[in-house]
Amino acid sequence: MSNILVTGAAGFIGSHLCERLVSRGDRVIGLDNFDDFYSPQIKMENLKGLLSDQMFTLVRGDVRDKASLVNILSNHGIENVVHLAARAGVRPSIINPDLYVDVNVRGLVSLLEAMKDVGIKKLAYASSSSVYGNSNVVPFSEDQRVDFPISPYAATKKAGELLCYNYHHLYGLDVSCLRFFTVHGPRQRPEMAIHKFVRQVMNGEKVVLYGDGSTSRDYTYIDDIINGTVAALDALGGFKVFNLGNSHPYKLIDLLSVIEDACGKKANIEFSGQQAGDVETTYAEVSKAKAQLDYRPAVTLPEGVKRFVEWYKRVRNG
Ligand SMILES: NC(=O)c1ccc[n+]([C@@H]2O[C@H](COP(=O)([O-])OP(=O)(O)OC[C@H]3O[C@@H](n4cnc5c(N)ncnc54)[C@H](O)[C@@H]3O)[C@@H](O)[C@H]2O)c1
């Protein structure tokens, strides 16, 4: 059992991670500022199963507030940190790059400084497949160059990896950077493709696909991501980078067929121009995570989408 700080605890991935950690006996401090990227009410719902658990403490606060972080880290005897708090989403980062840099880069530095000052040395950092940009060397492996981000969001995640390395080098922090590949499952953020498309198909609304439907993503189920994240947390030592993906990309147009099957309804598809910042493909090579973390993604896209639709219907119908 250890005392773990999870930033971004009320979000999609954070709430699942906190549940897993608490269920195996860790004491979890969940920090979140309930930002307005999507409804704070949804984030409170995400925490429903945790708030009455004695092993979970919610702290409302901002990762950019170093003084508060120092208090949290020292008052709760924190041993490990998982840093998930961020502004996510590629397209909005093009509209508001300042905010993305402020939260994702300055927020991380504030956390690293607080950890250094308090003497906490173990950090798992949520990076992203977006650091691979439009690389056409597939599958993407961790030793590939990632110097060509095509959105401010991707650039902030790459900057985050560099800062993590720097604090490892200067102060001996053990850091693993986890490159998540398009995560899906219950509680997925409402603006993400699967959640948005299921909502539109279920409501009989138009589904706008950007590009010709040939872009592809390595959709990875939340339980697999949590398995990989917990394994990485338990194995922290030195500086490491891991892909956590499914290694089985689907084309956007094929994702729509999977969603139609799961919803039992046809989609009313309209094609639109490709969006700036959207990469062509993501495809994870996961042999490093397999070898070092025993990471074995197990949930297929059709199975994950089926589970999402079941959750969606349950939540929507109260
Ligand atoms: N979901 C994915 O497919 C995916 C893929 C790659 C990387 N990631 C990364 O994983 C992490 C979690 O993603 P998610 O999908 O759960 O997103 P999310 O938006 O659901 O969760 C992020 C949480 O962080 C909180 N937050 C934002 N700014 C904060 C701040 N300044 N201080 C404290 N809390 C703050 C938000 O309120 C939110 O609850 C993010 O770092 C994201 O960039 C996610």
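**Entry 1: ground rules**

I am working with a predicted model, where local features need pLDDT of at least 70, side-chain atom pairs count only at pLDDT 80 or more, and totals for chains, interfaces and linings use all residues. Numbering runs from 1 along each chain as its sequence is written, and side-chain values use heavy atoms, with hydrogens and water left out.

**Entry 2: the ligand**

I started with the residues around the ligand. I count a residue as near if one of its heavy atoms lies within 4 Å. There are 29 residues around the ligand, and Asp32, Tyr38, Tyr153, Val183 and Arg189 come nearest.

Next I looked up polar contacts. The term covers a pair of N or O atoms within 3.5 Å; within protein, one must be able to donate a hydrogen and the other to accept it, and residues adjacent in sequence count only if both atoms are side-chain atoms. Asp32 puts a polar side-chain atom 2.6 Å from a ligand oxygen.

How much of the ligand's accessible area does the protein cover? I find 98% of the 820 Å² that the ligand has on its own. Accessible areas here come from the Shrake-Rupley method with a 1.4 Å probe; for residues, only the protein chains shown count as cover.

Then I checked which elements supply the shell. Those giving two or more residues are α1 (12–23), β5 (122–128) and α6 (152–171). The largest share, 3 residues, comes from β5. Helices (H or I, at least four residues) and strands (E, at least two) are DSSP runs, numbered from the N terminus.

By class, I note 15 nonpolar, 7 polar and 7 charged residues in the shell. Ala, Val, Leu, Ile, Met, Phe, Trp, Tyr, Cys and Pro count as nonpolar, Asp, Glu, Lys and Arg as charged, and the others, Gly among them, as polar.

**Entry 3: cysteines**

I searched the whole structure for disulfides (cysteine sulfur atoms within 2.5 Å). The search finds 0. Cys164 is in no disulfide either; the nearest cysteine sulfur, in Cys177, is 4.3 Å away.

I also checked burial. Buried means under 20% relative accessible area, exposed over 50%, partly exposed in between (1.4 Å probe, protein chains only). Cys18 is buried at 0%, and Cys164 is buried at 0%.

**Entry 4: aromatic rings**

Rings of Phe, Tyr and Trp (its six-membered ring) pair if their centres lie within 6.5 Å; planes under 30 degrees apart count as stacked, over 60 as edge-to-face and the rest as tilted. I find 9 aromatic pairs in the whole structure. In one of them, Tyr167 and Tyr171 have ring centres 5.3 Å apart and planes at 50°, so the pair is tilted. The two sit 4 residues apart in helix α6, which means a separation of about one helical turn. Tyr167 is buried at 8% relative accessible area, whereas Tyr171 is partly exposed at 32%.

Phe308 and Trp311 form another tilted pair, 5.3 Å centre to centre with 45° between the planes. They are 3 residues apart in helix α11 (residues 301–316), so about one helical turn separates them. Phe308 is buried at 0% relative accessibility, and Trp311 counts as buried at 15%.

I also noted a cluster in which ring pairs link Tyr132, Phe140 and Phe181.

**Entry 5: strand residues**

Thr220 lies in strand β10 (residues 220–221) and is buried at 0% relative accessible area. Its side chain reaches the backbone nitrogen of Asn246 at 3.2 Å.

Val82 is in strand β4 (residues 80–83) and counts as buried at 1%.

Pro139 lies in the loop between β5 and α6.

I logged positive phi values too. Arg187 has a phi of about 75° although it is not a glycine. Arg187 is in the loop between β7 (183–184) and α7 (193–202), buried at 16% relative accessible area. Ser247, not a glycine either, has a positive phi of about 60°. Ser247 is in the loop between β11 (239–244) and β12 (250–251), partly exposed at 30%.
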